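Biologist: Before I use any of the terms attached to this model, I would like to hear what each one rests on. Please put it up and take my questions in turn.

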Amino acid sequence: DSYPKCGSIQEIKDQGNCGGSLAFGTVGVMCDKACIASRQADQRTLYAKNLLACRSSWWDGCSRDKSLYAWKYWKENCIV
């Protein structure tokens, strides 16, 4: 393990019957990037449910790859 303190890297999320793999994958990468960039000091947990609940015009569930929009949403609105 190169980043043993980054728990998000080892964590496997259960999306249940949601089908929101785009949101879960993107939010997982956001957590990993924050931890790695901070030299493992940033241990934040972000929740895909926040992104899934977004009622933005670009978000229509998971029919297409909208990961760039998800990053923009995080930057402009925050994800809890």
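Modeller: Start with Arg 39, which sits in the loop between helix 2 and helix 3. Keep in mind that this is a predicted model.

Biologist: Why is Arg 39 called exposed?

Modeller: The relative accessibility of Arg 39 is 76%, and exposed means over 50%, so Arg 39 counts as exposed. Its backbone is also worth a look: phi of Arg 39 is near 60°, a positive value in a residue other than glycine.

Biologist: What is phi at Gln 40, and is Gln 40 buried or exposed?

Modeller: Gln 40 is not a glycine either, and has a positive phi of about 75°. Gln 40 is found in the loop between helix 2 and helix 3. At 19% relative accessibility, Gln 40 falls under the 20% limit for buried, so buried is the word for it.

Biologist: How do you know that Arg 44 and Asp 42 form a salt bridge?

Modeller: The closest N and O atoms of Arg 44 and Asp 42 are 2.5 Å apart. The cut-off is 4 Å between a side-chain nitrogen of Lys or Arg and a carboxyl oxygen of Asp or Glu, so the pair qualifies. A search of the whole structure finds 1 salt bridge.

Biologist: What makes Cys 6 and Cys 35 a disulfide?

Modeller: Their sulfur atoms are 1.9 Å apart. The limit is 2.5 Å, so Cys 6 and Cys 35 meet it. A search of the whole structure finds 1 disulfide.

Biologist: Why is the disulfide of Cys 6 and Cys 35 called left-handed?

Modeller: The torsion about the S-S bond is about -90°, so the disulfide is left-handed. Cys 6 lies in the segment before helix 1 (7-10) and Cys 35 in helix 2 (residues 21-37), so the bond ties together parts that are 29 residues apart in sequence. Both cysteines are buried.

Biologist: How do you know that Cys 31 is in no disulfide?

Modeller: The nearest cysteine sulfur to that of Cys 31 belongs to Cys 35 and is 9.1 Å away. With the limit at 2.5 Å, no disulfide is assigned to Cys 31. Cys 31 has a relative accessible area of 5%, under the 20% limit, so Cys 31 is buried.

Biologist: Why does Asp 32 count as buried, and which residues does Asp 32 contact?

Modeller: Asp 32, found in helix 2, has 19% relative accessibility. The limit for buried is under 20%, so Asp 32 counts as buried. Leaving aside neighbours within four places in sequence, Asp 32 is in contact with Ser 8 and Ile 9.

Biologist: Which residues form the nonpolar patch on the surface?

Modeller: Tyr 3, Ile 9 and Ile 36 form the patch, with about 220 Å² of accessible area together. Take Ile 36, which lies in helix 2. Its relative accessible area is 33%; patch residues need over 30%, so Ile 36 passes that test. Ile 36 is classed as partly exposed.

Biologist: Why do you say that the buried residues of helix 4 line one face?

Modeller: In helix 4 (residues 67-77), Ala 70, Tyr 73 and Trp 74 are buried. Seen down the helix axis, the buried residues fall within an arc of 100°, so they line one face of the helix. They pack against helix 2 and helix 3 (48-52). On the other side of helix 4, Leu 68, Lys 75 and Glu 76 are exposed. Cys 78 follows helix 4, and its phi is positive, near 80°.

Biologist: What is the order of elements in the protein chain, and how much of the chain is buried?

Modeller: The chain has 4 helices and 0 strands, and from the N terminus on the elements run α-α-α-α. Buried residues make up 30% of the 80 residues. The chain exposes about 5,500 Å², of which carbon and sulfur atoms supply 51%. Among contacts between residues at least 6 apart in sequence, 61% join residues at least 24 apart.

Conventions:
Residues are numbered from 1 along each chain as its sequence is written. This is a predicted model: local features need pLDDT of at least 70, side-chain atom pairs count only at pLDDT 80 or more; totals for chains, interfaces and linings use all residues. Side-chain values use heavy atoms; hydrogens and water are left out. Helices (H or I, at least four residues) and strands (E, at least two) are DSSP runs, numbered from the N terminus. Buried means under 20% relative accessible area, exposed over 50%, partly exposed in between (1.4 Å probe, protein chains only). Patches are made of residues with over 30% relative accessible area and no salt bridge: like charges are joined within 9 Å, nonpolar side chains (Val, Leu, Ile, Met, Phe, Trp, Tyr) within 5 Å. Accessible areas come from the Shrake-Rupley method with a 1.4 Å probe; for residues, only the protein chains shown count as cover. Contact means heavy atoms within 4.5 Å. The arc is that of the directions from the helix axis to the C-beta atoms.
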